[in-house]
Amino acid sequence: MKHTTPESGTGKTKVTPVDKPDTETEGSPASFLPYENVSKGSAFFHIALQRFRPALQPISRMAHATRWELSRALDLHVLPRCIPATFSSDVYFITYGQILLFVPLLGLFLAGYYMTFVSHDVDGSGKVAGIALLLVFLSASKTNSIFSFFLGISFERLILFHNTASLVAVALSIFHGYVPFGYGNEPEDRRMLKNDSDFGRNGSNPDVLKFMFDGSENASGSLLTIAMVLLVLTSFFPILRRKFFDLWFWIHIFLAFSAVIFAIVHGVGFVAVLSAGWWLLDVLMRYMIMAYSRYPREARLEVVTSDVVKISFLKPDNFSYNPGQFVQIAFPDLSVFAFHPISISSAPHEKNVTLHVRGLGNWSKRLIALAKSKETASILVEG
């Protein structure tokens, strides 16, 4: 008897034996062993804590049980079924773990609104905007998200939080900038500002554009907000990401690093460095350690039908998985950065790992065309 538990918070499952018979039953394989040595959680946590797994086993079991409960979906629609969930990645139901994330995000927005329009606190409004920016970067991690690890939120569900946190961060950044512009040059007992500008609403020469770039502090804050707005706008409409993924990817990276630099200049360097550091750690784990070091770099391609291609590669010793799990793959011949989640179709005991892809979208159709021209191709695997 076995039961299924969540694996790594990204849609994977783990089959765990519940009752192990003392003697072999008729017809059961004599060499049967429970699934072992399967990664629990993200790649970063699995590799970093591998030596301490025996000592951490009780805590690990409790954490996985909690994560299982938090990953359960409520009978609550995020959007009505009649509305396409383009921006929410087609996720219509919300989980308990998502609620635990969205409640603090709502609290940040309300706190920023109060500090902007009620208390006129420029420092406080800046701090909540910085926290929102931190949540944006932390939720951008694909394989090593701390939210997936602790709250059982799969990556496709985490996209909804990432998008929402981006919108909240933009709004709070605008709120923060409005405090000195809208409430500067007022009596001391009504505001909490360090410096006033003549280009503010109550100044001698009100001008929004001149105020935005009046001094290094205003300029860096304005450029940070502009970078965040462009990040949201270029990601809101999926056509750019689907048709020109590499272009969108590099624009996204450039704007993200620009936001980090402007944040450091603006005085929120700790948040910026922590945000970018965790994201870079995620990229390092995915590309340098998993895709380029731990896992195979070449795969065999076989066209099964006119719209289905079979991908196979030799399973290395450090590659273990259970039925229902998936991996992220990319083909450098198509794009080095376009990783796609594909379910594993082979059994865990087989020597070769196989994947089957149906040609539905632009990337999968290009993959079929590649398989028709090549029997083997370079591959990047992570997960």
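Predicted model: local features only at pLDDT ≥ 70, side-chain atom pairs only at ≥ 80, totals over all residues.

F213 is partly exposed, because its relative accessible area is 43%. As for where F213 sits, the residue is in the loop between α7, residues 208–212, and α8, residues 216–236. F213 belongs to a nonpolar patch on the surface, together with L223, I226, L230 and L233. The accessible area of that patch comes to about 410 Å² for the five residues together.

Now the helices. Two packed helices are described by the angle between their axes and the distance between the axes. I have two such pairs to show, and α4 is in both.

Take α4 and α6 to begin with. Helix α4 covers residues 122–138 and helix α6 covers residues 155–183. Their axes are 8 Å apart, and the packing angle is about 160 degrees. That angle makes α4 roughly antiparallel to α6, the cut-off for that label being over 145 degrees. As for handedness, α4 passes α6 in a left-handed crossing.

The other pair is α3 with α4. Helix α3 runs over residues 96–117. The axes of α3 and α4 come within 8 Å and cross at roughly 155 degrees. These two helices are therefore roughly antiparallel to each other as well. Here too the crossing is left-handed, with α3 passing α4.

Y96 is partly exposed, at a relative accessible area of 39%. Please also look at Y96 and R67: these residues are 29 apart along the chain, and their C-alpha atoms are separated by 9.6 Å.

Next, the charged pairs. How many salt bridges are there? The count comes to 2.

One of them joins the side chains of D307 and R358, with an N to O distance of 3.0 Å. D307 is in the loop between β5, residues 298–305, and β6, residues 308–314, whereas R358 is in strand β9, residues 352–358, so the pair ties together parts that are 51 residues apart in sequence. Both partners count as partly exposed: D307 has 27% relative accessibility, and R358 has 47%.

The other salt bridge is between the side chains of K374 and D333, again at 3.0 Å from N to O. This pair links distant parts of the chain, 41 residues apart. K374 is in the loop between α12, residues 362–373, and β10, residues 376–378. D333 is in the loop between β7, residues 326–330, and β8, residues 340–343. On accessibility, K374 counts as partly exposed at 34%, and D333 counts as partly exposed at 39%.

Notes:
Residues numbered from 1 in each chain as written. Heavy atoms only, no water. Patch = residues over 30% accessible without salt bridge, like charges linked within 9 Å, V, L, I, M, F, W, Y side chains within 5 Å. Areas by Shrake-Rupley, 256 points an atom, 1.4 Å probe, with all protein chains shown as cover. Salt bridge = Lys/Arg side-chain N within 4 Å of Asp/Glu carboxyl O. Helix = DSSP H or I, 4+ residues; strand = E, 2+ residues; numbered from the N terminus. Buried < 20%, exposed > 50% of the residue type's maximum accessible area, 1.4 Å probe, protein only. Axes fitted to C-alpha atoms, helices over the stretch in contact; angles between N-to-C directions. Parallel < 35°, antiparallel > 145°, perpendicular 65-115°, else oblique. Left-handed = near helix turned anticlockwise from the far one by under 90°.
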